[in-house]
Amino acid sequence: MPQPKKGARLGGSPAHQKLILANLAKSLFEHDKITTTEAKARLLRPYAERLITKAKKGDLHNRRQVLAVLGDKDIVFRLFDEIAPNYENRPGGYTRIIKAGNRKGDNAPMAVIELVEALTVQQTAVREAEAATKRASKKTAAPAPAPAAEVVEEAPAAEAEAEAVEATEAEAAEKE
């Protein structure tokens, strides 16, 4: 038997909390960004990310599970065919929570929860290159002296650039 959540629930009962989270997820997938209280945003994040992960798998079983949770065919279609393909190369972290101050009236802390933009091809290539260099450095311990030589070469260029900036500042001071 599942262990019930400790402490207060959103809406009072377990059924109401499930409905609140489902409706928040529907709004998030429909508008890509919603403003809600921090507590609701913190509970919505893992809920929505689980649904996106199911949508990334894309099979019929997962589509039916997401449809049972959300209950809206149009939003399920958008989730599976528009949102999930954007996150194909991302291993997780599909949402971002940004604090937005307090609400006027009851002073409740508000937050904006939004879908993170998909990784671009360039970002994916950079990540793969970094992983390859990391693997190569683990295999061989000899490349350690090579970066020191590069630093020595870059140091005169940085000094020359600093001297040029100082000369420009000196000329500007003389003109005044």
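Here is a short tour of confidence, pocket and core.

## Confidence in the model

Keep in mind that this is a predicted model. Its pLDDT averages 83 over the protein, and 76% of the residues score at least 70. Residues 148–154 have a pLDDT below 50, and this stretch makes zero contacts in the model beyond near neighbours in sequence. Where pLDDT is low, the predicted coordinates should not be read in detail.

## The largest pocket

Two elements, helix 1 (14–31) and helix 2 (38–57), each give two or more residues to its lining. Helix 1 gives the most, with six residues.

The lining of the largest pocket is made up of K5, R9, P14, Q17, K18, L19, L21, A22, L43, Y47 and V69. By class, these residues divide into seven nonpolar, one polar and three charged.

## The nonpolar core

The largest nonpolar core holds 29 residues, and F29, L44, L51, L70 and L79 are those with the most contacts inside it. Helix 1, helix 2, helix 3 (60–70), helix 4 (73–83) and strand 3 (109–115) each give two or more residues to this core.

Leaving aside residues up to four places away in sequence, L70 touches A22, A25, K26, F29, L51, I75, V76 and L79. One of these partners, A22, also lines the largest pocket.

Technical notes:
Residues are numbered from 1 along each chain as its sequence is written. This is a predicted model: local features need pLDDT of at least 70, side-chain atom pairs count only at pLDDT 80 or more; totals for chains, interfaces and linings use all residues. Side-chain values use heavy atoms; hydrogens and water are left out. On a 1 Å grid over the protein atoms alone, a cavity is a set of points where a 1.4 Å probe fits but cannot get out, and a pocket is an open set with protein on both sides within 12 Å along at least five of seven lines; lining residues have an atom within 4 Å of a point. Helices (H or I, at least four residues) and strands (E, at least two) are DSSP runs, numbered from the N terminus. Ala, Val, Leu, Ile, Met, Phe, Trp, Tyr, Cys and Pro count as nonpolar, Asp, Glu, Lys and Arg as charged, and the others, Gly among them, as polar. A nonpolar core is a set of buried Ala, Val, Leu, Ile, Met, Phe, Trp, Tyr and Cys residues joined through side-chain atoms within 4.5 Å. Buried means under 20% relative accessible area, exposed over 50%, partly exposed in between (1.4 Å probe, protein chains only). Contact means heavy atoms within 4.5 Å. pLDDT is the predictor's confidence in each residue, from 0 to 100.
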